[in-house]
Amino acid sequence: MLFALLFLTLLFSFQSLFCKLYASHTTQTDHVVVPVVFSVFYGVFTAFATFCFAGFRFAPSAQTLWMGILNGTMLFLYNFSLIRASDRGSYAFTLISALFGGVILPLFASAALWHEPLTLLQWIGTVITLVSFWVINADFLSLKGAGRSFFFWCLCLFLANGLYSVLMAAQQRALAGTQRSEMIIVTFAVSALIALVYLAVTKRRETGRSFRTGWKGGLFAILSCIIATAAANLYVYLLSHINLSVLSAVNNGGTLVLSVFYAFLLFHEKPSTIRIAGMVLSLAGIVLLSI
C-alpha cells in the first residue's frame, strides 16, 4: 500500500504540472475562464473514462447519487474559490488554505466519525507536514491589502478541499468499498455540468469560444485529464485501505514537495533556503506518517 500511496502522490503532482502547462499554453486569454473550462474538460473526461473502465455499468444507489452530487459541488467550489481567492490576495496564503483544509478536515472526520486513531509518530508527522506548508510558502506569504472577500474565498477553499475527501471517504465507508466508479462518475459529471452552466450564464454567446485552447493547450489538457482520471480512481480505491488522515496528509504534502521540485527543475525558480527547509520538513512528516 505504501508504494500505491507514493504512486498516487506522483500522479497528483503530474496532474498539477500539466495543469500549469495547460494554463501557460492555452490561447484563452481570460484567466478566470481558463480553470472553469478545464473543469469541464476534466469532469467530462474523468466521468466518461471511468464509465468505460467500469464496463459501461452505472447503477448508483440513492446514497451514492446524493453524495456524488454534493462532492461534485465541492469539486467545482474548490476550482472557483481558487480563482476568486487568487484574484484578491496572496496566492501563497490561498494555497495554504487549500492544503490545511485537505489535511485538517479529514483528520477530524477520521477521528470523530470513523474512530480511526493515529499513532503518536503519525500525529507528530501530521503536525510537521502542516508546519511545512507554511515554511515552503513563507517567501511569498503576504496579507497586505487583503480584504474580507479574500478570506471568505480562502475559507471556501479550505472547506471545499477538505469536504471533497471527507465525502469520498464517507461514501466508501457507508457502502463498504463498493460503487467506487459510480461515485467518481457522479462527482465529476456534476462538477463539469456546474462549470458549463456557469460559462453559459456568464459568457452567453461567447461560451463556445471559451473552449478554444489551441493545440498546445489542448494537448496539456488531455495529458492532465488522463493522469487525473488515474489519480481519482486510485485515490478512491485507497480510501478503503488506508487511514484517511494518513492518506490526506501524505498526498497533500508529497504533491506540494514534488510541485516545488518541478518548479526548480523545469521553470528555473531559484530554490531559497527556507523553501528547501520546508521540503525537508514535509518529507520528514511523510516518513513519520508512513511508519
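At 13% relative accessibility, I242 counts as buried; the cut-offs here are under 20% relative accessible area for buried, over 50% for exposed, and partly exposed in between, using a 1.4 Å probe and protein chains only. This is a predicted model, in which local features need pLDDT of at least 70 and side-chain atom pairs count only at pLDDT 80 or more, while totals for chains, interfaces and linings use all residues. Residues are numbered from 1 along each chain as its sequence is written, and side-chain values use heavy atoms, with hydrogens and water left out.

Back to I242, which sits in the loop between α8 and α9 (244–266). Leaving aside residues up to four places away in sequence, I242 touches M1, L5, R173 and L247, where contact means heavy atoms within 4.5 Å. I242 and P60 are 182 residues apart along the chain, and their C-alpha atoms are separated by 24 Å.

Helices are DSSP runs of H or I with at least four residues, strands are runs of E with at least two, and both are numbered from the N terminus. R173 has a relative accessible area of 24%, so it falls in the partly exposed class. Again skipping residues up to four places away in sequence, R173 touches W114, E116, L239, I242 and L244. Its side chain also reaches the backbone oxygen of L239 at 3.4 Å. R173 and Y78 are 95 residues apart in sequence and 23 Å apart in space, C-alpha to C-alpha.

Now for S97, in helix α4 (residues 91–112). S97 is buried because its relative accessibility is 9%. A polar atom of the S97 side chain lies 2.9 Å from the backbone oxygen of F93. S97 also touches C154 and F158, not counting residues up to four places away in sequence.

| Residue | Relative accessibility | Class |
|---|---|---|
| I242 | 13% | buried |
| R173 | 24% | partly exposed |
| S97 | 9% | buried |
| F45 | 31% | partly exposed |

F45 is found in helix α2 (residues 33–53). Together with W215, L219, I222, L223 and I226, F45 forms a nonpolar patch on the surface, with about 580 Å² of accessible area in total. Patches are made of residues with over 30% relative accessible area and no salt bridge; like charges are joined within 9 Å, and nonpolar side chains (Val, Leu, Ile, Met, Phe, Trp, Tyr) within 5 Å. A salt bridge is a side-chain nitrogen of Lys or Arg within 4 Å of a carboxyl oxygen of Asp or Glu. Helix α8 (residues 214–238) gives the most to this patch, with five residues.

What about the whole chain? There are 10 helices and zero strands. The radius of gyration is 18 Å, close to the 19 Å that the globule rule gives for 291 residues, so the chain is as compact as a globular protein of that length; the radius is taken over C-alpha atoms, and the rule is 2.2 Å times the number of residues to the power 0.38. Along the principal axes, the C-alpha atoms fill a box of roughly 55 × 45 × 35 Å. Buried residues make up 52% of the 291 residues. Among contacts with a separation of 6 or more, 86% come from residues 24 or more positions apart. The accessible surface comes to about 13600 Å², of which 72% belongs to carbon and sulfur atoms; areas come from the Shrake-Rupley method with a 1.4 Å probe, and for residues only the protein chains shown count as cover.

Terms used: Polar contact = N/O pair within 3.5 Å; in protein donor to acceptor, adjacent residues only side chain to side chain.
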